[in-house]
Structures are given as C-alpha cells and as structure tokens.
Amino acid sequence: MAGTRREMALVALLDDITAVAAATDDLEEACRAALSAVCEVTGWPLGHLGVPAADGQAFVSSGVWVGPIERFPLLHQIATAIRFAPGTGIIGQVVATGQPVWSRDLTADALAVRLLGGRDPGVRAAFAFPVIAVDGVAAVLQFFAEQVIARDEPLLRVMGAIGYQLGRVADRRTLRAAVHDSRARLQQIVDASVEAFISTDAAGHITEWNAAATRMFGRSRTQMLGHLVHETIVPERYRRADEAGRARFLATGQSKVLGRRLELTALHADGSEFPIEIVVWASREAEAWAFHAFVHDITERRRAEQALRQAYAAEQATVARLKELDAAKDAFIATISHELRTPLTTLSGYLELLGEGEAEPAQQRMLQAMTRNTARLQNLVEDLLAVSTLAAGELRVNAQAVPVRPALEEAVHATSAQARSSGHHIEVTIDDGVQQVSADHDLLVRAISALLSNAVKYSPIDTPITVHASAQDGQVAIAVTDHGVGITAEELPQVFERFYRTAYAYDNAIQGVGLGLWLVKTIAEAHGGTATATSTPGRGSTFTVCLPVAEAA
Ligand code: ADP
C-alpha cells in the first residue's frame, strides 16, 4: 500500500516537472523547482544543482541548494570548492556516464572518500542524475540523506525521466540562441548587401530597409520604417496597381509579380524616377504575410543599352546610305558600258574593213595597234557590263552539257592574238574520259579566256602556258598553268576579290582593273563549282576552275 502510494506520488512528480519544463525557458528556475519537488516527495532533505563551469571543461556547484545546507558546512565547503571534472565525485561520474549515480554511503564510497579526506560531511546516502540535452549533459541534480540508504531503482528510473524533461528546457534555450544567431547573421548579410533590401508587412508598411536602400532612394531607414511602400518609392501613377497587386495576392494567393525578375520604375527622394530591377517574394511570419524584395538600380545598364541602340541605328543608316551609293555606282557603270559598247562595235567593224584593204606598211602597223587597243577596250567594257550584271544579281547560267575540248580551244583562240604578240605558246591537254561539263558555254569560255589572258600578262615572253582538264571527284578540273612571276603567299588569298591587284601589277603598270579573277570565281560558283589558285613567286601559278561533270546522254 505504502509502495503504491509512493509510486503514484513519483508519477505525479514527473507530471508536475514536465509541466514546469514546458512552461519555462529558464533552466535554473526549472531545476530549482525540480529539486524542491523531489526533496518533498522522497523525504530526502538536501538538494543541490551542479552546472557546467564557464570554461566548459568541468562541472561546478551552481550555489543553488534546497534544504538546510547551513547545517552541513563541510559538505557546502567541499561542494563549493571542487571542480567536478568528468569522473570526479558523484557529479563528475554522472557527467562522464550520462546516467544516474547512487551512493548508499559516501563515507564508504570510493567516489567520495578522496574528496572527503576522512572528514565527516554529516550526510551518508546520495544520488544524482543528469539533465540530458541534445548537445550533452546540461546540469546535474544531486540529493543527500543523513542515513545510509540502499540503491532504489524505481526512484532512479523516475529521476532519469525527469532529467530528460528538464533537458527540453535546455534544448529550447539552445534553439533560441541558434535562431537568434542566424537572425543576426541574416541581418548582417542584408545590411552589407550591395542590393537594396526592403521588407513590408501585408499592408505594405516598410519593416526592413538596408543601407543600400538608403543610398539608392535617398531616404534613411528611420525615415522609411512604418511608411507605406506605395506612398513613398512607387511613382504616383503606379501606386494603385501596386496596392491592388498585394491585395489580390492576400485574397487569392495568386500573383503575377512574386518570384519573377521585373523591370520597374522607382521614385527617388528628390522626385526623380529611375529604372530598377526587382525580385519580390512573400513569407508567412507569425500568421501574417510579409513581402521582401531585392532591388537593383539599372540606370547604367539602361544607358548602355540606349547607347548601343543609337550606335546600331547610326550604323544601319550608314549601311543603307552605302548600299544606295553602291546601287547608284552599279547603275552608272551599266549605263556607261552600254553606251560605250555601240561605238566600239562600229569602230572595230570599220577597222576590220580597213585592215583588209591595201595600206602602206606604216599605216598597216597603225591599224594593227588600233585594232588591238579597240579589242582591249571591248574586253574592258564586257567586264564592266558583267560586273554590273552580277552586282544586280542577274547572272543567268544556262547550263548544258558542254564538250570540254572545243570550249577550251575556243578560249585559246580568243586569246591567240594576245599570246602570239608576246610569243607564248598555249598547249591544251585533256585526260582520257573527260568529255563534257555541265556549264553555260559562253561563261565557261569567258572564264578560261580570262585565266589565259592573265597567264600571258603575268609571265615572261616565250614561256609555255598549259590548259589541262582532268576528272576530280565528280567534277572536271580545268587548270591553267604559267611559268610567270607568281603571287606572294600574303596576296594569294585576295586575288579573287573584286578590284584587287597585286603590288607587282601596280608597280609594273600591267594593264587591268582587277576584275578578271573575280569574274572567274563568280562564274565558277554560279555553276556550283569553285575557283582556286596556287602559286610560287618567281616560278609560276596554277589557277583551277572545277565544274560539275555532265552525264553523257
Ligand atoms: P587584273 O585585271 O589586275 O589582271 P585579275 O582579277 O585578273 O585582275 O587578277 C587580279 C590580280 O591577280 C592581278 O592584278 C595580278 O596581280 C594577280 N594575277 C592574276 N593572274 C596571275 C598570274 N597568272 N600570275 C601572277 N599574278 C596573277
């Protein structure tokens, strides 16, 4: 019967202490209440609280005693003087093991004998148990009785449970400190941020305003806290929308703004407006919504974009103007070449007639010179016409199966007068199996003639020139090779450009305007082919035109 009553009292004790532990955040206060309650229920007269020393290396007396400690001065003196390192005394043993410890008689217990040094503390039995928090033993509750008492397991079990309950108080304290620390860290980050950081409550009252916000808006934290965001930094015309957006989110949980990067206009204290980039998000704090935003001033970026747009527009205008000029020039060339063509044809016709007639040898020479020069003029006019046609995108390729040999011979014939006068011999060789190319006959002859004319112009008198046709990957390669001056490696990549001429051509006043190779390349590419060159200065050059093979009918 007595046993049962005591057990009920112990359970009630545990309940009481659980309630106390839940109600307070003050560990010492909770432990003091537990010491009193345990003494009362168990009849043990003395309770004592051990706590971690300031350096965290040992435990010491907290100075908190319950019961008539003044009757036991020696015990008081020893408990106050000693640092209970783990394993030292009853308290040290509890700390070392994390378990309750019982001593039926301190004067006969190895744990206490050394501390007592043969002196009588006036007490005999003792027990102690730890307050267990998540990060270790937070305190030790210790009890003394004047008589020898055997170890009481049920009592110790309840004490162990009480130790765990008190541990929750310590945990709450640790948690609060951690929350406090992390809040402080967050505040530091927000304060040091180069971005403006602003928080508001649900209605839009400003609750946070960092140093960057002060710099950006020209308004101090104290000026802004508590003021409505839409009445201060939002320009007048956007205020209704800003307020309505918040209200819509609170009512429906929907927002077009939250979590997105937006570009908006903000109002500075001096009344000026400036562009900002802003990200807003919402959080729920103590049952109420709060809004937070990082704000970035993008005035500079906008300025750079504007400058870029202006530069682009200016460039477009220049390009358009250049195109206009180019078109005007092409039209001019076309008109002039057409106008020149007719009188030149008349001239060459009459010269031909005169050449057939009787003439003095001196006159004959003059007539020949006139014929040569008229032919040159006609060539130039034809090149110019081709340029204006191509520039207008009017090159019409009438591709047919063209037999290779006759076409090459026609090209040789076209340059024969020029070759003859400089003593060049042109040899045509065609590999077996090469028969027809798919090409516009006139353009093909023209391209090869241009290459032959160059070969004559840029190689010394009497050196051989060859035209060689071969099969190459489904194409016919027509290569014109001379043993002339050649082209330097730096100049070679540019010779196909319109109006490009090498230093050699300029320095030696070789006739030409730099259109021949450009025409060759344009003609080759219009057929889906290529024009390429290799050259060794002082040794000669090879220009190759590749055109598609025409399947034999
Ligand atoms: P051009 O009217 O000047 O001959 P082209 O377009 O036919 O114009 O040739 C461009 C330049 O390439 C020439 O000025 C010349 O310097 C160089 N060139 C062309 N063919 C040869 C060649 N067979 N040997 C050396 N240089 C050449």
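Visitor: What surrounds the ligand, and which residues are the closest?

Guide: This is a predicted model. In it, 20 residues surround the ligand, and the closest are N454, D482, R501, T502 and L517.

Visitor: How many of the shell residues are nonpolar, polar and charged?

Guide: The shell has 10 nonpolar residues, seven polar ones and three charged ones.

Visitor: How much of the ligand's accessible area does the protein cover?

Guide: On its own the ligand has 520 Å² of accessible area, and the protein covers 97% of that.

Visitor: Which elements give two or more residues to this shell?

Guide: They are α14 (441–457), α16 (516–526) and β17 (540–548).

Visitor: Let us stay with α16. Which of its residues are buried?

Guide: The buried residues of α16 are L517, W518, L519, V520, T522, I523 and A524. L517 is also among the residues closest to the ligand. After α16 comes G528, which has a positive phi, near 80°.

Visitor: How should I read the sides of a helix?

Guide: Start with the general idea. An α-helix has 3.6 residues a turn, so residues three or four places apart point the same way. Now the case in this structure. In helix α12 (residues 404–414), the buried residues include V404, A407, L408, A411 and V412. They lie on the same side of α12 because they cover an arc of only 140° around the axis.

Visitor: What is exposed on the other side of α12?

Guide: H413 and A414 are exposed there.

Visitor: How do I read a residue that is buried in a strand?

Guide: Buried means under 20% relative accessible area. H48 lies in strand β1 (residues 46–52). H48 has 0% relative accessibility, so it counts as buried. The side chain of H48 also makes a polar contact of 2.7 Å with the side chain of S61.

Visitor: What about F129?

Guide: F129 is in strand β4 (residues 126–133). With 0% relative accessibility, F129 counts as buried. Now compare sequence and space: F129 and G160 are 31 residues apart along the chain, while their C-alpha atoms are separated by 6.4 Å.

Visitor: Which residue of a helix can be read in that way?

Guide: Take L351, which has its place in helix α10 (residues 299–356). L351 has 6% relative accessibility and therefore counts as buried. L351 and T371 are 20 residues apart in sequence, and 6.3 Å apart in space from C-alpha to C-alpha.

Visitor: To finish, which domains does the protein chain have?

Guide: The domain assignment gives domain 1 (2–178), domain 2 (193–297), domain 3 (303–389) and domain 4 (395–548).

Visitor: What separates the centres of domain 2 and domain 4?

Guide: Taken over C-alpha atoms, these centres are 74 Å apart.

Conventions. Residues numbered from 1 in each chain as written. Predicted model: local features only at pLDDT ≥ 70, side-chain atom pairs only at ≥ 80, totals over all residues. Heavy atoms only, no water. Domains from an automatic or database assignment. Buried < 20%, exposed > 50% of the residue type's maximum accessible area, 1.4 Å probe, protein only. Helix = DSSP H or I, 4+ residues; strand = E, 2+ residues; numbered from the N terminus. Arc of directions from axis to C-beta. Near = heavy atom within 4 Å. Areas by Shrake-Rupley, 256 points an atom, 1.4 Å probe, with all protein chains shown as cover. Nonpolar A, V, L, I, M, F, W, Y, C, P; charged D, E, K, R; others polar. Polar contact = N/O pair within 3.5 Å; in protein donor to acceptor, adjacent residues only side chain to side chain.
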